[in-house]
Amino acid sequence: MANDISGMIAAIFMANYCSARKTKWIAIGMLIVVLSAVIPASSTLFAEYPKPTFNNYTEDEQDRNYGVCNETVSTNDEAESAGEYAVRNHRFYWMFIFGSLLQGIGATPPGIAGSTYMDEIFSQKAFGIAISVLYVIAFLGFPISMLLGAVYLQYYVTLDPPAGLTIRDKEWVGAWWMGMFFPSVAVLFLSFFVGLYPRQMPAA
């Protein structure tokens, strides 16, 4: 929702004041998108993650801590510990809200100025093909990101899991930030080349 609100405001600005040097605004938008991903992802450097508790029980105690359907029944100490972690990490919530606002702003220039720039440099027939390819690539980005996310979550969030902790344990936290970091590096690299595009192609 935050990115929708900021995107609407950015669209009004783009439609009225950014008709010149479209490639420059596209590159700036791409850089803002990079920031919108890096800021939330950087929270993992400061967040605290629950420590494994599976070594704190004897074999008999582990049996008593399993309920219906083999679900682990948390003790009061575990619940309080999880609550403390949640309270301390709640301050990073605003980093995600701010990142979402930046995402709406950054995604607007490529969407508005990008399609307009393509209309200027392609013929009427070629423009239809180009814009179709663009939207197909954008559509494929969602399932590809889901598949990559499943791969990233196989790794522990700090890339160095505590001894004995496996992906089957409830304390496992996947490396969710990889899904933001690696695409950001690619977008950052491409933004410099996009910014070098001329205002108008010679053949246009």
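Residues are classed here as buried under 20% relative accessible area, exposed over 50% and partly exposed in between, with a 1.4 Å probe and protein chains only. The model is a predicted one, in which local features need pLDDT of at least 70 and side-chain atom pairs count only at pLDDT 80 or more, while totals for chains, interfaces and linings use all residues. Residues are numbered from 1 along each chain as its sequence is written, and side-chain values use heavy atoms, with hydrogens and water left out.

Phe189 is placed in helix 7 and counts as exposed because its relative accessibility is 53%. Together with Leu31, Leu188, Leu190, Phe192, Phe193 and Leu196, Phe189 makes a nonpolar surface patch of about 730 Å², and helix 7 (residues 178-195) supplies the largest share of this patch, five residues.

One salt bridge is counted, the criterion being a side-chain nitrogen of Lys or Arg within 4 Å of a carboxyl oxygen of Asp or Glu. It joins the side chains of Glu120 and Lys22, at 2.9 Å from N to O. Glu120 lies in helix 5 (residues 93-121) and Lys22 in helix 2 (residues 22-41), so the pair ties together parts that are 98 residues apart in sequence. Glu120 counts as partly exposed at 37% relative accessibility, whereas Lys22, at 12%, counts as buried.

Helix 5 also packs with helix 1 (residues 2-17), at an angle of about 40 degrees and with the axes 7 Å apart.

How values were computed
Patch = residues over 30% accessible without salt bridge, like charges linked within 9 Å, V, L, I, M, F, W, Y side chains within 5 Å. Areas by Shrake-Rupley, 256 points an atom, 1.4 Å probe, with all protein chains shown as cover. Helix = DSSP H or I, 4+ residues; strand = E, 2+ residues; numbered from the N terminus. Axes fitted to C-alpha atoms, helices over the stretch in contact; angles between N-to-C directions.
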